Amino acid sequence: MAFDYDLFVIGGGSGGVRAARTAAATGATVALAEESRMGGTCVIRGCVPKKLMVYASGYGEVLDEARAYGWEIGEGRFDWRPFREKLHAELDRLEGVYRRLLDGSGVEMFDARAKIADPHTVELADGSRKTAKHILVATGGRPVRPDMKNAHLGMVSDDIFDLESLPKSILIVGGGYIACEFACILHGLGVKVTQFYRGAQILRGFDDEARGLIADSMRERGIDLHLGTNVVEMCPEAEAGDAVRHHGTDSDAAGSNGLAEAAPGTKGPVWVKATNGDERVYDAVLFATGRKPNTDGLGLEEAGVTLARGGAIEVDEYSQTGCPSIYAIGDVTDRVNLTPVAIREGMQFVETVFKGNPTPVDHALIPSAVFTQPELGTIGLTEEAAREIEPVEVYCSSFKPMQSAFAGSADRVLMKLVVSIETRKILGCHIVAPEAGELIQLAGIAVKMGATKEDFDRTVAVHPTMAEEIVTMREPVRRS
């Protein structure tokens, strides 16, 4: 059977675009369909705009620190609107780069929603059909709101980048990395931030010691973090009635009548009752309570693709679904939901299918970062997970770094290694510090190569730096 294409990719995010380009480089005929903006979550409504906001939010502390070092600097004031304008211009530029890369690779692009009609056919929104020998689904995921009355009044992470102005106060619901990152970002930009998390500690799944230090640091900065707390009910402020009069607002934007004013682009002000009994009005509410794979209405199950609970596409180690001609990569598979992982999965898909070199996806020892203030960089096993597997030694140092200590800041950093007693290999490395994301990338190379504690010990320290602690810790703080 003759096909229109060797490969049809559904989804124009980082993983789908990389797979399309690398497949085209082998001489394959490739098409790609994207219903929204080219670049996907990472470029348009995730990693890139979020990291630019991280940078913006950190300058307030830089000004304070500079004064401690003798600089005469006036009071700074953040203006959201010019930043937002420049932010969107940068996203437009990056989308253009993605389009040029695809076009230069010979990939045919369709700006349309696509769904699977059969194992070798894709149907576009206009009803036209395209056939392909292989179909790759790379449709990513999306943030979801909790199943509760009036949840539509809360924003999700996608909405933050489109705000016309910042709210004076916000309630962030959730305790994962997205919730914590936006809590730090918005606080740094001058928003009064309250955060609810129903669990005992934020950043579940990360090292306990590291996430505890981050929680302490967030509170020290002024974020009103409530653990073991969730939303019981919420409604528009105008419907709250006596609750507002009796309990007031959490907004500096309150008018003469004591009621908050909505920031343009938000869905507030919103009255919220919490499980701890607190009742308050916020200018805005942000739900960061989970994400869902984008598989609805794609025709996957009809084509023989198995979906897991929650809608994720089930794949094997080569990213192949239950339908041999259909593959899936990235967040839509809900394996490791990180942009570089989706890109790597896309490259390994091409290696397997178009280069005749079956290459399983390697999800072991993936470094990652949480862009809180301070940041968390991590690779490998947490102390808690490692000691469930084998006896370990823990090397750990927490201290005030020179730069912060001189400025009178209470900030502390954490350098932590989890070591196998039997093999001496580093099983986990966890860093809480400014620029921890940069540090963990380099440490990750050594850990991925199988470095031992003695390899770290043989490395001469760079002095004076925070990172030298990684190679100067000689005695374990505990064994388990």
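Please find valine 447, which sits in helix 13. Before going on, note that this is a predicted model. Is valine 447 buried or exposed? Valine 447 has a relative accessibility of 1%, and buried means under 20%, so this residue counts as buried.

What does valine 447 touch, leaving out residues up to four places away in sequence? The list is Leu365, Ile379, Ile426 and Cys429. Take leucine 365 from that list: 82 residues separate it from valine 447 in sequence, yet the two C-alpha atoms are 7.6 Å apart in space.

Leucine 365 itself belongs to the loop between helix 10, residues 339-353, and strand 17. With 31% relative accessibility, leucine 365 is partly exposed. Its backbone deserves a look too. Leucine 365 is not a glycine, but its phi is positive, at about 50°. For background, most residues other than glycine have a negative phi, and most peptide bonds are trans.

Glutamate 435 is another non-glycine residue with a positive phi, here about 60°. Where is glutamate 435? It lies in the loop between strand 21, residues 426-433, and helix 13, residues 436-448. Glutamate 435 is partly exposed, at 44% relative accessible area.

Now the peptide bonds. The bond from glutamine 373 to proline 374 is cis, with omega near 0°. Proline 374 is in the loop that runs between strand 17, at 368-370, and strand 18, at 375-380. A cis bond also joins histidine 463 to proline 464, and its omega is near -5°. Proline 464 falls in the loop between helix 14, 453-458, and helix 15, 469-472.

How many residues are in the largest nonpolar core? That core has 43, and the ones with the most contacts inside it are Met53, Ile170, Ile172 and Ile202. Several elements each supply at least two of its residues, among them helix 3 (47-68), helix 4 (80-104), strand 8 (169-173) and strand 19 (392-399). Helix 6 gives the most, with seven residues.

Last, the chain as a whole. There are 15 helices and 22 strands. The radius of gyration is 24 Å, close to the 23 Å given by the globule rule for 480 residues, so the chain is as compact as a globular protein of that length. Along the principal axes, the C-alpha atoms fill a box of roughly 70 × 65 × 45 Å. Of the 480 residues, 49% count as buried.

Considering contacts between residues at least 6 apart in sequence, 65% join residues at least 24 apart. The chain exposes about 21,900 Å², and carbon and sulfur atoms supply 50% of that. As for charge, there are 51 positive and 69 negative side chains, with the centres of the two sets 1 Å apart.

Notes:
Residues numbered from 1 in each chain as written. Predicted model: local features only at pLDDT ≥ 70, side-chain atom pairs only at ≥ 80, totals over all residues. Heavy atoms only, no water. Core = buried A, V, L, I, M, F, W, Y, C linked by side-chain atoms within 4.5 Å. Buried < 20%, exposed > 50% of the residue type's maximum accessible area, 1.4 Å probe, protein only. Helix = DSSP H or I, 4+ residues; strand = E, 2+ residues; numbered from the N terminus. Rg over C-alpha atoms; globule rule 2.2 N^0.38 Å. Contact = heavy atoms within 4.5 Å. Areas by Shrake-Rupley, 256 points an atom, 1.4 Å probe, with all protein chains shown as cover. Lys, Arg positive; Asp, Glu negative; His and termini not counted. Charge placed at Lys NZ, Arg CZ, Asp CG, Glu CD.
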